Amino acid sequence: MEIIRPAIAGTLESSDCQVTVEAGNGSIEFELESSVLNQYGNQIKKVTMETLKNLDIDSVKIKIVDKGALDCTIKARIEGAVYRSVQQFKDLPWGGAIR
């Protein structure tokens, strides 16, 4: 899948995260802001990379502003931003192809 246009999903509320995706330059450029960066930064990056791999994305600029989101929330926000970016609003494979 290829990122077509910039897109955002999520909020800056407690226990959530805001994910921004933009077209990349042939690689994954990952930026993370988090109040729990020292404790969970590696786990957030791991979930991000796994989710992007499952979506078959290898060229993206992704920024996550984390406010204590759980892994499932991070994954859902990434998926939401990606599908908004490619303008796919119908027939979303929630719980199917995305695992």
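Me: What should I know about the numbering and the model before I start?
Reply: Residues are counted from 1 along each chain as its sequence is written, and side-chain values use heavy atoms, with hydrogens and water left out. The model is predicted: local features need pLDDT of at least 70, side-chain atom pairs count only at pLDDT 80 or more, and totals for chains, interfaces and linings use all residues.

Me: In what order do the strands of the sheet lie?
Reply: Helices (H or I, at least four residues) and strands (E, at least two) are DSSP runs, numbered from the N terminus. Two strands pair if DSSP finds at least two bridges between them. Here an open sheet of four strands has the order 1-2-4-3, with mixed pairing. Strand 1 and strand 3 are the edge strands, each pairing on one side only. From one strand to the next, the twist averages 10°; axes are lines fitted to C-alpha atoms, for helices over the stretch in contact, and angles run from 0 to 180 degrees between N-to-C directions.

Me: In which sense do strand 3 and strand 4 pair?
Reply: Strand 3 (residues 28–34) pairs with strand 4 in the parallel sense, over seven bridges. Ser34 stands opposite Asp66 in strand 4.

Me: Why is strand 4 described as largely enclosed?
Reply: Buried means under 20% relative accessible area, exposed over 50%, and partly exposed in between (1.4 Å probe, protein chains only). Strand 4 (residues 60–66) has five buried residues out of seven, so the rest of the structure largely encloses it.

Me: What is the handedness of the β-α-β unit?
Reply: A crossover is right-handed if, with the strands pointing away from the viewer, the path from the first strand over the helix to the second runs clockwise. In this model, strand 3, helix 1 (residues 37–54) and strand 4 form a left-handed unit.

Me: Which strands do the helices lie across?
Reply: Helix 1 lies across strand 3 and strand 4, at about 145° to strand 3. Helix 2 (residues 71–85) lies across strand 1, strand 2 and strand 4, at about 150° to strand 1.

Me: Which residues does Val47 touch?
Reply: Contact means heavy atoms within 4.5 Å. Val47 is found in helix 1 and is buried, at 7% relative accessible area. Leaving out residues up to four places away in sequence, Val47 touches Asp71, Ile74 and Lys75.

Me: What does UniProt list for Ser14?
Reply: UniProt positions are given in the numbering used here, feature names are shortened, and annotations may be inferred rather than shown by experiment. The unreviewed UniProt entry lists Ser14 for "modified residue: O-(phosphoribosyl dephospho-coenzyme A)serine". Ser14 is in the loop between strand 1 (7–10) and strand 2, and is exposed, with a relative accessible area of 64%.
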